[in-house]
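Here is a short tour of one protein model, arranged by topic. Please keep the sequence and the 3D view open while you read.

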Amino acid sequence: MPRRLLAATPKKGGTLRVGIGDFAAVDSLDPALYSTYFQLFIFRQLYNNLIEFGPGGVLVPELAESWEGSADAKTWVFKLRQGVTFHDGSEFTAEDAVYSLNRHREEGTTSSAAPILKPVSDVKATGKYELTVVLSDGNVSFPDIMTLETLGMVKNGTTDFSKGIGTGGYMLVSLEPGVKSVVKRNPNYWKEGRAHFDAVEMICIKDAAARTSALVSGDIDAYNFVDLKTAGLLKRNKDVQLLSVAGKAHYTFPMLMDADPFTNIDVRTAMKYAIDREEMVKVIAGGFASVGNDQPITPSYQFYNPDLKPKAYDPDKAKFHLKKAGHDSLSVELFVSETPFTGATDAAVLFREQALKAGIDIKVTKTPEDGYWDNIWFKKPFCAARWSGRANEDAMLSLAYSTDGIAAGWNETHMSDPKLDQMMVAARTEFDLAKRRQLYYDMQTLISETGGQICPVVANFVDAASTKVMFGELGSDFSMDGGRFAERWWFA
């Protein structure tokens with residue numbers, strides 16, 4: 001366990017230096033273009049959301065002090081915090097909130113929030129500090145969506161995001177995409193007891209071993225994505241603390257369901273029986289994980305289906321389904337790099353060894369780290385990926401498994417099932433808790449049994465920090481304390 005809360009009262013001061021393992025040369029400060037952890041972290045430094053996703057999955061008022069839905073959950077009114085200013089001194093009002101949300105509803109947008117906000121029919125300011133959102137269909141969990149990193153609040157009319165003007169705890173000093181960022185504390189930050197560091201530097205370090213060396217040598221104070229195979233050794237260092245949190249993260253090998261040979265359900269089923277999940281958890285995740293069951297809803301979600309069991313490794317069953325698909329054997333290419341998760345290449349090689357016993361020859365193709373999300377993921381028929389999860393089941397499933405998610409560029413298997421789409425809509429408007437739970441149970445089963453996702457590992461978020469870094473209860477929605485380390489942590 002991390003050594004936390006050694007200081008009763010957080011202290012201000014110092015520069016926190018953090019090594020980041022997931023970044024791209026095209027990273028920008030536009031929340032609509034979110035794709036890497038580097039962006040997530042700097043968004044959390046510069047911007048605020050209407051609602052914060054706190055430790056333990058609790059919704060915490062942020063720029064919205066309160067919210068209330070209508071009886072049919074179609075109309076949501078958010079009372080906004082007064083007296084909050086942007087980094088340039090201008091006041092945050094409902095007009096800024098309207099603009100911030102509507103950007104993700106524009107025609108042709110590639111924002112990951114687009115499919116999630118598709119049910120929104122109107123966004124309007126009904127007062128200087130009151131925002132009203134109207135939905136075409138009710139959604140009892142709509143406030144959860146306001147925690148999404150993509151929905152950070154920006155100034156009304158902003159088209160140039162290079163200055164990173166937000167209401168967050170830090171102000172931009174410099175940004176070199178793919179290299180480094182520097183922010184300084186916002187002296188007028190509206191949150192008391194937050195943003196303790198004088199400055200925060202994020203340094204892009206792709207190699208996990210290099211991040212570890214930088215921490216041990218004192219060149220950085222923390223880093224994300226510990227190599228789980230070596231986490232046990234790192235834990236023995238008295239000057240280092242591991243931050244291991246079970247959450248919604250999961251490793252995947254998505255198969256594009258509209259690309260041969262994965263258009264055939266028996267081929268997809270054969271691939272799922274050809275992977276040894278228990279060995280993956282042990283060898284690749286070092287035990288800091290549990291076995292996945294080919295769908296994205298983990299035990300950290302409210303409506304996780306505990307009755308849906310993972311497929312056991314069974315080469316004979318894999319051969320049976322290959323035969324049903326008309327194949328005596330199968331050869332496929334798996335594209336991979338270390339960008340999705342540390343150890344992804346080793347996981348692909350291990351998968352190849354396991355699948356050979358089922359007559360499946362997986363050719364592992366190592367690709368460049370930079371540009372992986374743009375050039376490989378979502379485009380190649382078979383690759384490695386990682387998800388950190390989303391605020392709730394609806395956000396996760398709508399983004400990554402709905403037909404709308406394909407057009408938005410986030411449905412990594414290109415799954416398009418009218419029955420699944422219909423169940424998503426039905427769950428949003430189902431007020432009966434038991435019935436809503438059953439709908440989400442059924443969706444998980446449908447994805448697991450017919451979808452194109454191979455999910456062998458539900459991984460803990462495992463980060464590392466110097467023992468001089470202090471913090472309270474860690475968030476479980478993303479790596480590095482829900483991405484809010486700059487705001488929540490302090491030096492002893």
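## Cavities, pockets and sheets

The lining of the largest cavity comprises nine nonpolar, two polar and one charged residues, where Ala, Val, Leu, Ile, Met, Phe, Trp, Tyr, Cys and Pro count as nonpolar, Asp, Glu, Lys and Arg as charged, and the others, Gly among them, as polar. The model is a predicted one, in which local features need pLDDT of at least 70 and side-chain atom pairs count only at pLDDT 80 or more, while totals for chains, interfaces and linings use all residues. Residues are numbered from 1 along each chain as its sequence is written, and side-chain values use heavy atoms, with hydrogens and water left out.

**Cavities**

- On a 1 Å grid over the protein atoms alone, a cavity is a set of points where a 1.4 Å probe fits but cannot get out, and lining residues have an atom within 4 Å of a point.
- Grid points are joined across faces, edges and corners, and a volume is the space filled by probe spheres set on the points.
- The structure has six cavities of 30 Å³ or more.
- The largest cavity holds about 130 Å³ of space, and its lining includes F225, Y251, F341, R386 and F461.
- The second largest cavity holds about 80 Å³, with R44, E149, K248, R390 and D477 among its lining residues.
- By class, four nonpolar, two polar and five charged residues line the second largest cavity.

**Pockets**

- A pocket is an open set of grid points with protein on both sides within 12 Å along at least five of seven lines.
- Of the 34 residues lining the largest pocket, Y34, S35, W373, W377 and W410 are the closest to its centre.
- Helix 1 (37-46), helix 11 (372-375) and strand 17 are the elements that give two or more residues to the lining of the largest pocket; helices (H or I, at least four residues) and strands (E, at least two) are DSSP runs, numbered from the N terminus.
- The lining of the largest pocket divides into 16 nonpolar, nine polar and nine charged residues.
- The second largest pocket has about 320 Å³ of space, and D144, Q302, A391, N392 and E393 are the closest to its centre of the 22 residues that line it.
- At least two lining residues of the second largest pocket come from each of helix 12 (393-401), helix 14 (418-428) and helix 15 (433-450).
- Eight nonpolar, eight polar and six charged residues make up the lining of the second largest pocket.

- Seven strands form an open sheet in the order 8-9-10-1-11-19-12, with mixed pairing; two strands pair if DSSP finds at least two bridges between them.
- Strand 8 (170-176) and strand 12 (240-245) are at the edges with a single partner strand each, so one side of each has no neighbour in the sheet.
- Strand 8 runs antiparallel to strand 9 (residues 180-185), joined by six bridges, and Y170 has R185 of strand 9 as its bridge partner.
- Three residues lie between the strands in this hairpin, where G178 takes a positive phi near 80°.
- Strand 1 (residues 15-20) pairs with strand 11 (residues 222-223) in the parallel sense over two bridges, and V18 has A222 as its bridge partner.

- A second open sheet has four strands in the order 14-18-13-17, with antiparallel pairing.
- Its edge strands are strand 14 (289-291) and strand 17 (385-387), each with a single partner strand, so one side of each is left without a neighbour in the sheet.
- Three bridges connect strand 13 (residues 250-254) and strand 17 in the antiparallel sense, and T252 has A385 of strand 17 as its bridge partner.

**Backbone details and cysteines**

- F225, in the loop between strand 11 and helix 6 (231-235), has a positive phi near 65° in a residue other than glycine.
- F225 is buried at a relative accessible area of 12%; buried means under 20%, exposed over 50%, and partly exposed in between (1.4 Å probe, protein chains only).
- F378, in the loop between helix 11 and strand 17, has a positive phi of about 75° and is buried at 15% relative accessibility.
- The D260 to P261 peptide bond is cis, with omega near 5°, and P261 sits in the loop between strand 13 and helix 7 (265-273).
- The disulfide count is zero, a disulfide being a pair of cysteine sulfur atoms within 2.5 Å.
- C455 is in no disulfide, and its nearest cysteine sulfur, that of C383, is 14 Å away.
- C455 is buried at 1% relative accessibility.
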